[in-house]
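Open the model in your viewer and keep the sequence panel beside it. This tour goes stop by stop, telling you what to select and what is there.

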Amino acid sequence: MKKLLETRTNAAIELRRRLGLPSSHTNAYRLVNSEGDRLSGLIVDVFGDLAVIASSAAWVENYKPEVEACINRIDGINHINWRPSVDILKEEGMDMSDMKEVHPSTCPEITKVMENGISYAISLVGQKTGFYADQRENRQFISTISNGQKVLDICCYSGGFALNAAHGGAIDVTGVDTSMPALELARENIGLNNLDPGRISFLREDATQFMKGALSRNESWDIVILDPPKLAPRKKVLQNASGMYRNMNSMALRLTKRGGLLMTCSCSGAMTQSGMFLRVLQARIFFFFLVCMGTKN
């Protein structure tokens, strides 16, 4: 197991280096991406000199000392934060009450990183590993199309998409989330990047309630980003989750100006792997098209 971990982790390191990670403008990135690096159930996100290990498989927990030793040997890594996915591990039959840290974490709760030249304060006790490193290219893409645009970031967390939109020249950016700690980070990130606080605002409100209110006021945006949390953590709730995705995307479409762009995401693996997410989107777009045609007639 030690040899396997070393071999596949080294392969992951080499692949990231070939992709230019880390670099002078990005020190936050996903180093190990579970099945993508042939280490199913193991995710390692690097934030500067800190590595966050997210485990969602019994084998990862059983070989925790070997995993930590392997990551500790990586140049530049000085701290490790372990984040087990407790609910998933319990389903695998693990007794989490017996799990103890091999080396108690000395990581700070808040750290600062840079991604594509944009600075972020991130919380290591927040959602997932503390930062959605897998959205790096999507965040950068938003920055390239936001100049002169009015942008809405729904479920904005600590403001990743909103900050990129503002950095890309958006004239007005609104971020919406229910988490006060996340919004406090988002507001701190405005200052970290010397952005004009008059052009970017963050609101604490339920996403669905905000969209309903915005629709009642006939508001709309040039670019709408919808990136909700995991609504389908397991297959048995797929039907209920598909209804929530359907309703949220329906409202998000209606908030997008004609000729505008909607970027919609799902971090529910059960939803995307089943093909239901794409079917929900196709159904909403077709329905929206029929409504628009009916309005014209």
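Partly exposed means a relative accessible area between the buried limit, under 20%, and the exposed limit, over 50%. Keep that scale in mind for the stops below. The model is a predicted one.

**The whole chain**

Start with everything shown as a cartoon. The protein has 11 helices and 11 strands. It holds 297 residues, and buried residues make up 47% of them.

**Stop 1: the loop between H1 and E1**

Select serine 23. It lies in the loop between helix H1 (2-18) and strand E1 (28-33). Is serine 23 buried, partly exposed or exposed? Its relative accessible area is 26%, so serine 23 is partly exposed.

Stay in the loop and pick proline 22, which also lies between H1 and E1. Look at the bond from leucine 21 to proline 22. This peptide bond is cis, with omega at about -5 degrees.

Serine 23 and methionine 114 are 91 residues apart in sequence, yet their C-alpha atoms are 9.6 Å apart in space.

**Stop 2: strand E6**

Pick serine 119, in strand E6 (residues 118-123). Serine 119 has a relative accessible area of 19% and is therefore buried. Which residues does serine 119 touch, leaving out those up to four places away in sequence? They are Val113, Met114, Asn189, Leu192 and Asn193.

**Stop 3: aromatic pairs**

Show the aromatic side chains. The structure holds four aromatic pairs. Begin with phenylalanine 47 and phenylalanine 131, whose pair is edge-to-face.

Check how covered each ring's residue is. Phenylalanine 47 has a relative accessible area of 1%, so it is buried. Phenylalanine 131 is at 3%, so it too counts as buried.

Next, select phenylalanine 210 and tryptophan 221. Their ring centres are 6.1 Å apart and the planes are at 45 degrees, so this pair is tilted. Phenylalanine 210 lies in helix H8 (residues 207-216) and tryptophan 221 in strand E10 (residues 221-226), so the pair ties together parts 11 residues apart in sequence. Both phenylalanine 210 and tryptophan 221 are buried.

The charged end of lysine 150 sits over the ring of tryptophan 221, 5.0 Å from the ring centre.

Before moving on, select Phe47, Tyr120 and Phe131 together. Ring pairs link these three into a cluster.

**Stop 4: H5 against H6**

Select H5 and helix H6 (residues 160-167). Their axes are 7 Å apart and the helices pack at an angle of about 30 degrees. The crossing of H5 and H6 is right-handed. On the H5 side, the contact is made by Asn138, Arg139, Gln140, Ile142 and Ser143. On the H6 side, it is made by Gly160, Phe161, Asn164 and Ala165. Colour this contact by class: it has three nonpolar, five polar and one charged residues.

Just after H6, pick glycine 169, which takes a positive phi of about 100 degrees.

**Stop 5**

Select tyrosine 157, in the loop between strand E7 (150-154) and H6. Its phi is near 55 degrees, a positive value in a residue other than glycine. Tyrosine 157 is at 9% relative accessibility, so it counts as buried.

Finish with asparagine 194, in the loop between helix H7 (180-192) and strand E9 (200-204). Asparagine 194 is not a glycine, yet it has a positive phi of about 50 degrees. Is asparagine 194 buried or exposed? Its relative accessible area is 71%, so asparagine 194 is exposed.

Key
Residues numbered from 1 in each chain as written. Predicted model: local features only at pLDDT ≥ 70, side-chain atom pairs only at ≥ 80, totals over all residues. Heavy atoms only, no water. Helix = DSSP H or I, 4+ residues; strand = E, 2+ residues; numbered from the N terminus. Buried < 20%, exposed > 50% of the residue type's maximum accessible area, 1.4 Å probe, protein only. Contact = heavy atoms within 4.5 Å. Phe/Tyr/Trp six-rings, centres within 6.5 Å; stacked < 30°, edge-to-face > 60°. Lys NZ or Arg CZ within 6 Å of the ring centre and 35° of its normal. Axes fitted to C-alpha atoms, helices over the stretch in contact; angles between N-to-C directions. Left-handed = near helix turned anticlockwise from the far one by under 90°. Nonpolar A, V, L, I, M, F, W, Y, C, P; charged D, E, K, R; others polar.
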